[in-house]
Amino acid sequence: MTLTTKLFSAAAGIALSAGAALAEPAIIYDLGGKFDKSFNESAFNGASRWAEETGESFAEVELQSEAQREQALRRFAEQGLNPIVTTGFSFASVLEQVAPDYPDTTFMIVDSVVDQPNVRSVVFDEHTGSYLVGVMAAMASESHTVGFVGGMDIPLIRKFACGYAQGVKATDPEAEVLANMVGTTPAAWADPVRGSELAQAQISQGADVIFAAAGASGIGVLQTVADEGVMGIGVDSNQNYLHPDNMLTSMVKRVDNSVYDAFSAGESLEPGVVTMGISDEGVGAAIDEYNEGRVTDEMRTALDEARAGIEDGSIEVHDYASDETCDAISF
Amino acid sequence: MADAAPAIELKGISKSFGPVQANKDISFKVMPGTIHGIIGENGAGKSTLMSILYGFYKADAGEITIHGTPIDITDSQTAIRAGIGMVFQHFKLVPNFTVLENVVLGAEDSGLLRPSLARARRELKALAEEYELNVDPDAVVEDIGVGMQQRVEILKALYRQADILILDEPTGVLTPAEADHLFRILGNLKDQGKTVILITHKLREIMEATDAVSVMRRGEMIETVTTAGTNPTELAELMVGRTVLLQVDKTPATPGAPVLQVSDLKVEHDGVARVKGVSFEVRAGEILGIAGVAGNGQSELLEVLGGYRPATGRATVNGVDLPLSGRGADGRSRRDAGIAHVPEDRQSEGLVMEFAAWENVGFGYHHTDRYSRGTLMDHAALKADCAAKMERFDVRPPNPNLLAKNFSGGNQQKIVVAREMECDPDLLLVGQPTRGVDIGAIEFIHQQIVALRDAGKAVLLVSVELDEILSLSDRVAVMFDGRIMGERQASETNERELGLLMAGITDTDAPHSEAEIEANLARRSASAEKEA
Amino acid sequence: MQKMPQWADVLLIPLVSLILAAFFSAVVILAIGENPWEALKIMVEGALGSTYGWGYTLYYATNFIFTGLAVAVANHAKMFNIGGEGQAVMGGLGVALVCLYIPFPHWTLALLAAAATAAVFGAAWAAIPALLQAKRGSHIVITTIMFNFIAASLLNYFLIGPLKADGMEPATARFPEAARLPTFQDMFSSPDNPLFRGAPANVAFFVAILACIAVWLLIWRSRLGYEIRSFGWSEPAARYAGISPVRIIMLTMLISGGLAGMMAINNVMGEAERLVLNSAEGAGFIGIAVALMGRSHPLGVFLAAVLFGFLYQGGAELSLWTGIPRDMVVVIQALVILFTGALDNMVRMPLERVFSTLRRAPKPDSKSTTARTAE
């Protein structure tokens, strides 16, 4: 005990970091944790970018249990933090209840719609973004076989897969799309070994481009893709840098932009539903220094055409989530 | 110089476990080249004292001297280096290793096993010749008999250069003939200058085998005497601290109607026949003793009658069939049928050691109105009944709240016997009633069993102690290899006749040479051991 | 012979274990550059310093009481039920079915029906491993843990299939108003004196206390409990006494599973008010540590559950207000489990030695004392 006391007193000089001040913005990450190399991390990047540019600070918390969703929302709201950003559709139900209790606070939810006067709901057209990378995959594939590895089998991920398959089929009607999900539980977001196995299986069936929409499990998919010398497509964040020689592109979902915008707007953040799609670069196919060599001129042209078609409505990409069906691929 | 000094000298050894003082200021000497007996009731502190000598416990106070040199025995390695070898009651052998491997285990010369084994084989051969310790070095331990296993333990100690050998209750598992052989081996060891310490509670062995004997009682060393200058009665009195009756005082039986009738009862376990068709009956007001070396089917027989081992054949109590398998073949139904059972192993069956005494007095009868009200147990009734039983059966300490494991063996057995006798059974099954029980309690338990018989109850007694069988039973049946070899009136037989039956030698009146018996014994104990 | 007085066994050992765990946690916190003393203050204040904190602490504790009791009951029969997680998940499924499809006039009826259904679902989930153990000797540890995975998959099936509500999330719809349990806030707050604001502790806590009492009665007062304990201490003795091992294994596991299942009235019915994926969130496993620390006694389980509730709520506050990452909070929780559970003997043995020395020392008994001083 005396030793503990000594250590405590020795440590007295070290101050705790993030003490939250008033009217700061706050962000609550979902159970996946902020360094998931994907969705939550993208949100974190947006918040950090804002903090760096403005020199201001923000509060953040990673959840450990379901009960903490409401707890964190209320605690941050009571502390006067504003706006409060939540990442992930799992917050929808809780936010529905909590938001009315704090009418002066603006909340933001990503990936779901909460119909409350003080909530901004940001949703993304993942199906159109996936359509674009599907177009690229079909053009890059020499075997006319492409793969899709999803994380947890939920409608959102099927929405990715469906859009992707439509893009592939529109470009190469003969092409085959192999689709697998890592699992049916949340653990499916964090199982790179299983991701790797699925990628291996798809490669052995002839796939030479694989789209990984599987959170941290996708890391395993992309690693295998690189090891086997085929091409991979990343998701959410721009993951092209992970394997510069083997990444075709990444289907970026600019969660970071939405968070950055929310933090920048501060207390005057507008509530309402905001859909981020191709036109506002909320989703898209990432082209950067790592993959520009692999993106042919034909691909760029095809991408531009697809983008234009989607924007003017001449190309209609079916959204799986709208009726939970998909003609382009069967699950 | 070693000859002048005692092989072992203990001065003022004390050892406590919490509030219990197991050894109080113990001092005694063992002279080299002798067989020294240590005798005392269970819980007298013999085993603790030997454990201190072997380094399992550290004494709280006192001094140990080996051959004149003071020594601090901190662990068994120190003890082994000081030349002390120990043969435990429960052998510490690896069952699926060969004899040779067991002997070498823990005493290998180097990381390579082969040279050690080769050396051990030579030494084993020499030792076997020297001490009449014949064992096949390549036999697997689980295939050889108990007597052989004990020899392996002795060889292990000798291989480690032991010149002081401690044996803890070595004859508990042996037939009389095997015990005789063991004592011949011990005699040879003594002749070669080794010192032997023999811990036992059997007065006969002390008288036959030892040169000097130390008597312990309640943690204290009462006296050390030369064996030649004492007699069993004196030793028994020293052990118990009062005069004891070594013979059970009983009148001839007056058997009534048959209570238990068994015919062609067979038990099979894992494909091995354990009981191969036995038939007998026990009448009201008589004690039928079943003698036999452990592992010849007696235990299984008791378990079948007690309701927790399936069998085929037929058994009736007062003319009513007992189910021998399936529904109704359980301990509770047996109790309802008027059968009480003092099991052979009170520690794992008769008592729940972690239960308090009062919880144990209702064990098996806990479903009766006596001990439960509706779905709840009647604690008050249990405690009151426990206190009363403790008084009637002189259980010490008379504390119903003490856990069963904290009573001595004798007092544990008294709790079991009290429970089983006081439920007014028609038939009492008794297995090894006095195993690990001190002399004072043996006397008491025997009197209770006889009293039950005199009250007109039937008693089936199973014991491996021939003395006990002979002094308690009215009739004796001997079991060997799952069969009953013969039945005798207790008053018309003797130890030698029963001993032959126990070894599987039936009534042909041909003279039996020692060698024949030996051969028979080896075969029998091997097969018995395999089944156990 | 008793090696230590009972108070030492029940209080001192957990206390020393906790101090050790606290010490190593402090070292961990120091190592990542934070102030352990401040961290402790945040944890204590956040978990115990307000009715709000207690509201969370007791909410978590309620979960752990149920799962802890489940493990404890099985422990008395020397069966290691590590399927509490799956049994709690199945209990949640039962609660959801009852709450979604039966229109209740009042929450009391809903609670009764939900508790019964949760218990039945949990018990049913424990019944299969129990039957395999009793009849086939398949080890209960293996089967119960396997059943956790099956339960998770089954729940997943229901939540992306038949029970799924509209929207993205694999979850059921919210339960109707009449099936919602009053929280502490509803029960104890007045308009002028708001208490337990927003905290999820609810009436299920009192059900958990009743469960503690019921388990105590079962284990130490009932005939079945007597049989369970004797079977646990010695199976041969139980068979000798005519206690059927099959019956005891089945009944014990049914009760154990039922208790674990009943956790759902707290987390599913009381807190979430709908069924979500992974609803049990590891409480079934925490129950193992709780039962271990609580020595399988209901009172011990209760206290240990509150301690773990404190760790959960304190840990949440730590994540909210400091830069200590979530994973470090898990490390701290794990240290407590390690020291109180797995390393029990590390603390116990030295303490036993201390006690046996202490006990001898003050004795004026001449012989042993003089002998020692003479040395």
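Residues are numbered from 1 along each chain as its sequence is written, and chains are lettered from A and ligands numbered from 1 in the order in which they are written. The model scores ipTM 0.82 and pTM 0.79. Where pLDDT is low, the predicted coordinates should not be read in detail.

Two residues are taken to be in contact if their C-beta atoms, placed from the backbone, lie within 7 Å. By that criterion 2 pairs of chains are in contact, and chains A and C share the most contacts, whereas chain A and chain B do not touch, their nearest C-alpha atoms being 28 Å apart.

Between chains C and A, 41 residues of chain C are in contact with 39 residues of chain A. On chain C, the elements giving two or more residues to this side include helix H1 (6-31), helix H3 (51-76) and helix H14 (298-321), where helices are DSSP runs of H or I with at least four residues, strands are runs of E with at least two, and both are numbered from the N terminus. This side of chain C has 22 nonpolar, 11 polar and 8 charged residues, with Ala, Val, Leu, Ile, Met, Phe, Trp, Tyr, Cys and Pro counted as nonpolar, Asp, Glu, Lys and Arg as charged, and the others, Gly among them, as polar.

Towards chain B, 25 residues of chain C are in contact with 37 residues of chain B. Helices H9 (223-233), H10 (235-240), H16 (344-360) and H17 (366-374) of chain C each give two or more residues to this side, and H9(C) gives the most, with 5 residues. By class, the side of chain C that touches chain B has 9 nonpolar, 8 polar and 8 charged residues.

Turning to chain A, an automatic or database domain assignment supplies the bounds that divide the chain into domain 1 (19-124 + 258-265) and domain 2 (126-252 + 296-323). Their centres, taken over C-alpha atoms, are separated by 28 Å, and 9 residues of domain 1 are in contact with 9 residues of domain 2. The largest share of the domain 1 side, 3 residues, comes from helix H2 (residues 39-54) of chain A.

The 16 residues of H2(A) should span 22 Å at 1.5 Å a residue, and its end C-alpha atoms are 23 Å apart, which agrees; the expected span is 1.5 Å times one less than the number of residues. Among the buried residues of H2(A) are Phe39(A), Phe44(A) and Trp50(A), a residue being buried if 20 or more other C-beta atoms, placed from the backbone, lie within 10 Å of its own, exposed if 12 or fewer, and partly exposed in between. What covers the buried residues of H2(A) includes strand E1 (26-29), strand E2 (59-62) and helix H9 (255-265) of chain A. Gly55(A), with a positive phi near 75°, follows H2(A).

Note on methods
Predicted model: local features only at pLDDT ≥ 70, side-chain atom pairs only at ≥ 80, totals over all residues.
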